[in-house]
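These are my notebook entries on one protein model. I set down what I looked up, one topic at a time.

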Amino acid sequence: ALFYLAIPPSAFGDVLTRAEQEGRILDLPQREDVPSIVAFDLGLNDSTVAVWVQARGEWLDIVDVEAWQNLTLAGIIQRVQQRGWTVREWLAPHDLRQRDLSAEGYGGLAPTREQVAQRLGVGFRVAPKLSLAEGLDAVRRMFSRLRFDLRRCAKLLEALSQYQRVWDPQARVYAEKPKHDWCSDYADALRTFAVGHRAPRDPADVKKPTVISKFDVFDHGRAPR
């Protein structure tokens, strides 16, 4: 059944339906040894969402998704490491460069979230700062290459199907920004990946072994608890 068209204003309903028709929403093998990219939407009042993506030939496989609330950056990093995937790249939105007032810096200056992560042994790559419309377009242009694990990504698929455009009755068009609700957090994590992803310079790079850090962030110096 093609259930993604049930909500007409869905920003991704048409591309989700096409993915379902083409068999790209399926049971993907759970290969923790395959290097993955983990991309984030960082939130505190809203949820923080992470999506794990593995490049397999022409496909970009969305193999896992998780959401957390009220966690420090240290806590988020630990949860990602505990998930068990071999992470070759950590990809964050531009707000990673905002200052973290809960962390202690040098000379009393609050460090950025990016600096806090570096102290914890994780080097994030920050996605370019684009407009929301440009980011959504990047997701849609990438969608024909995406495959989704039906079980592990069920919440992401639900969120994408319900990520709704808002009708402007005066202009008689849909507004540029979709409705902001719980679906936004999941859509924004995928948007971070679409905007920030770049293929390895050497295709053999995806086959090179990647060491996942066993570093316990909660044992590190002044990491927030």
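**Entry 1: the largest pocket**

By class, I found 9 nonpolar, 8 polar and 9 charged residues in the lining of the largest pocket. Here Ala, Val, Leu, Ile, Met, Phe, Trp, Tyr, Cys and Pro count as nonpolar, Asp, Glu, Lys and Arg as charged, and the others, Gly among them, as polar. The model is predicted: local features need pLDDT of at least 70 and side-chain atom pairs count only at pLDDT 80 or more, while totals for chains, interfaces and linings use all residues. Residues are numbered from 1 along each chain as its sequence is written, and side-chain values use heavy atoms, with hydrogens and water left out.

I noted that the lining comprises 26 residues, and that D41, H94, D95, D188 and R191 lie nearest the centre of the pocket. A pocket is an open set of points on a 1 Å grid over the protein atoms alone, where a 1.4 Å probe fits, with protein on both sides within 12 Å along at least five of seven lines; lining residues have an atom within 4 Å of a point. The space in this pocket is about 510 Å³, a volume being the space filled by probe spheres set on the points, which are joined across faces, edges and corners.

Which helix gives the most to this lining? I found that helix 6 (residues 182–196) does, with 6 residues.

**Entry 2: the sheet**

I counted 6 helices and 9 strands in the protein; these are DSSP runs numbered from the N terminus, helices being H or I of at least four residues and strands E of at least two. An open sheet of 7 strands has mixed pairing and the order 1-7-4-3-2-5-6. Its edge strands, strand 1 (25–26) and strand 6 (124–126), each pair on one side only. Two strands pair if DSSP finds at least two bridges between them.

Strand 2 (residues 36–41) pairs with strand 3 (residues 48–56) in the antiparallel sense over 5 bridges. In strand 3, W52 is the bridge partner of V38. With strand 5, strand 2 pairs in the parallel sense over 4 bridges, and S36 stands opposite V87 of strand 5. Strand 5 in turn pairs with strand 6, in the parallel sense over 3 bridges; A92 stands opposite V126 in strand 6.

Is strand 5 mostly covered or uncovered? I found strand 5 mostly covered, with 5 of its 6 residues buried, where buried means under 20% relative accessible area, exposed over 50% and partly exposed in between (1.4 Å probe, protein chains only).

Helix 6 lies across strand 2, strand 3, strand 4, strand 5, strand 6 and strand 7, running at about 130° to strand 2. Such angles run from 0 to 180 degrees between N-to-C directions, with axes fitted to C-alpha atoms, for helices over the stretch in contact; contact means heavy atoms within 4.5 Å.

In helix 1 (residues 13–21), I listed G13, V15, L16, T17 and A19 as the buried residues. They pack against strand 1, helix 4 (132–142) and helix 5. Just after helix 1, G23 takes a positive phi of about 75°.

V116 and L96 are 20 residues apart in sequence and 9.7 Å apart in space, C-alpha to C-alpha.
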